[in-house]
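Reader: I've just opened this one and could use a guide. Can we go through it together, one question at a time?

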Amino acid sequence: MTKPEDGQNFGNFEGTPISVQRTARKKSVALSIRNGTVVILTPQRISNHEIQAIITANNDWIRAKLLRHEETQKRTQRAFVDGERFLYLGEKYPLKVIDGQRALAELTDGCFNVHVRQASTPERRARSIRAAFLRWYKSEAETVIKERVAFYSSIIGRTPNRIFFRDYKSMWGKCDAAGNITFNWKLVMAPEPVLDYVVVHEMSHLHHLNHSTVFWQCVESVLSDYKTRRKWLRENGSLLTI
């Protein structure tokens, strides 16, 4: 990912803050919506006047993206009550809350059974259920993703030095120069073909630590439909959350 060399608050768009990030590595302007903020990545040479013109020219696009972000936020708000559905490998499973001695989540018989103690308020009970889910998801992510890495290692011909897991807000994986790969544990909520795309993407960086043409050829040699999988992640990645 491009690391911004500086950041600048640039007012707001109909009440939504705008952040401008200039970087010497960027050759063109890129607009995105991240965590409810309009983010603009630009080359160093772009003036504030030019940025304002870009915002004006993309008013409709920004407005549509912000509306979609708001709708996604509503769809991903959680109450942690019976019947609410949660994702695992692309499938939604209903929640059943069971009184228990400690917070524990398990997926059995097509249902998420979460055992929690009685709480003084619904908010405290919801926090306990969420904590149980987090432990379960992170454990499953480590198991599932490591299995997929092992599967693709023989195909790609490389194995990560070490594998880590983190809760990234806007990144699904990262490979460093030492051959270590870090994955976003939320990938375990995605359909397996999409999860596989991220695994193959990051493992291809073990050969090519860039996004050059030869890198994408490496990805495509393993997953001929990687563009379709990447498109799903771009369009639906914000739903992979609890």
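Reader: Is Ile51 buried or exposed?

Author: First, a word on the source: this is a predicted model, where local features need pLDDT of at least 70, side-chain atom pairs count only at pLDDT 80 or more, and totals for chains, interfaces and linings use all residues. Residues are numbered from 1 along each chain as its sequence is written, and side-chain values use heavy atoms, with hydrogens and water left out. Now, buried means under 20% relative accessible area, exposed over 50%, and partly exposed in between (1.4 Å probe, protein chains only). Ile51 has a relative accessible area of 0%, so Ile51 is buried.

Reader: Which helix is Ile51 in, and what does Ile51 touch?

Author: Helices here are DSSP runs of H or I with at least four residues, strands are runs of E with at least two, and both are numbered from the N terminus. Ile51 belongs to helix H1, residues 48-57. Contact means heavy atoms within 4.5 Å. Leaving out residues up to four places away in sequence, Ile51 touches Phe10, Val20, Arg22, Ile40, Thr42 and Ile46.

Reader: What about Arg148, buried or exposed?

Author: Arg148 sits in helix H3, residues 122-156. Setting aside neighbours within four places in sequence, Arg148 is in contact with Glu192, Leu195, Asp196 and Val199. Its relative accessibility is 17%, so Arg148 counts as buried.

Reader: Over in helix H5, how wide an arc do Phe215, Trp216, Cys218 and Val219 cover?

Author: In H5 (residues 213-222), those four are buried. An α-helix has 3.6 residues a turn, so residues three or four places apart point the same way.

Reader: Which strands stand at the edges of the open sheet of 4 strands?

Author: Two strands pair if DSSP finds at least two bridges between them. The sheet's order is E5-E6-E8-E7, with mixed pairing. Two strands have a single partner strand each, so one side of each is left without a neighbour in the sheet: E5 (85-88) and E7 (104-108).

Reader: In E8, what is the bridge partner of Val97?

Author: Strand E6 (residues 91-99) and strand E8 (residues 111-116) run parallel, joined by 5 bridges. In E8, Val97 has as its bridge partner Val114.
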